Amino acid sequence: SRFCRGVPDSKIRIYDVGFKKAPVDYFPAVVHMVSDEREQLSSEALEAARIAANKTLTKYCGREGFHLRVRAHPFHVLRINKMLSCAGADRLQTGMRHAYGKPQGVVARVHIGQILMSVRTKDNKASIDAAVEALRRAKFKFPGRQKILHSTKWGFTKWTKEKYTALRAQGRLYDDGVGVQYDNLHGPLFARN
């Protein structure tokens, strides 16, 4: 980080796996893993969970059958007050003198109800069951308690499936990567042809 020098790199580097370029209409169903505790999740745990979920999803849905996104980012730096444990260390050791530690790793601080991972996939039972199973296996990599929820929203958008299809039919939504932008019919007339 900018002010805290010598911070080791985060273990998790890739946050999106699967068919991440899939257009928004391709994967309507979405399943979330939600934290049920206020805690810290290490970058190592996030990476392990990502790998576990990716393996399961690739096995059941194929490489192009899902889009997994890790939504917790580790920014918080942990410190450690290193103690020597070899012989003759008692003369070198300071105990709790100058106990301000050195950076050891990074963690994500999460709240209750915060989404940790999301999977968008096709709207059939087999794909949704595979997403739930993948997140269940990823849960074992985290401390504390998590919940797995099948969302009513369309993919990674903020609209429910009914509202999304209605707005799509009206032409009020236009594609923006894996999400959509909402046209609120404000702004210059020429932009609205």
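Predicted model: local features only at pLDDT ≥ 70, side-chain atom pairs only at ≥ 80, totals over all residues.
Figure 1. Contact denotes heavy atoms within 4.5 Å. Helices (H or I, at least four residues) and strands (E, at least two) are DSSP runs, numbered from the N terminus. Residues are numbered from 1 along each chain as its sequence is written, and side-chain values use heavy atoms, with hydrogens and water left out. Local features need pLDDT of at least 70 and side-chain atom pairs count only at pLDDT 80 or more, whereas totals for chains, interfaces and linings use all residues.

Figure 2. Antiparallel strands β2 and β8 are joined by 5 bridges, and Val 31 stands opposite His 150 in β8.

**Figure 3. Strand β3 and its partner β6.** Strand β3 (residues 39–42) presents Glu 39 and Leu 41 on a covered face, while Gln 40 and Ser 42 belong to the uncovered one. The strand is joined by 4 bridges to β6 (residues 102–110), and the two run antiparallel. Within this pairing, Gln 40 stands opposite Arg 109 in β6.

**Figure 4. The two sides of helix α4.** Lys 161, Tyr 164 and Leu 167 are the buried residues of helix α4 (residues 161–170). They lie on the same side of α4 because they cover an arc of only 130° around the axis; the arc is that of the directions from the helix axis to the C-beta atoms. An α-helix has 3.6 residues a turn, so residues three or four places apart point the same way. Glu 162, Ala 169 and Gln 170 are exposed on the other side of α4. Buried means under 20% relative accessible area, exposed over 50%, and partly exposed in between (1.4 Å probe, protein chains only). The buried residues of α4 pack against β2 (29–35), β9 (173–176) and β10 (179–182). Just after the helix, Gly 171 takes a positive phi of about 75°.

**Figure 5. The hairpin of β9 and β10.** These strands pair in the antiparallel sense over 4 bridges. Asp 176 has Gly 179 in β10 as its bridge partner. The hairpin has 2 residues between the strands, and Gly 177 takes a positive phi near 65°.

**Figure 6. The setting of the close-up views in the whole chain.** The protein has 4 helices and 10 strands. Its C-alpha atoms fill a box of roughly 80 × 45 × 25 Å along the principal axes. The radius of gyration is 22 Å, whereas a compact globule of 193 residues would have one near 16 Å; the value is taken over C-alpha atoms, and the globule rule is 2.2 Å times the number of residues to the power 0.38. Of the 193 residues, 39% count as buried.

Note on methods
Pairing = 2+ DSSP bridges.
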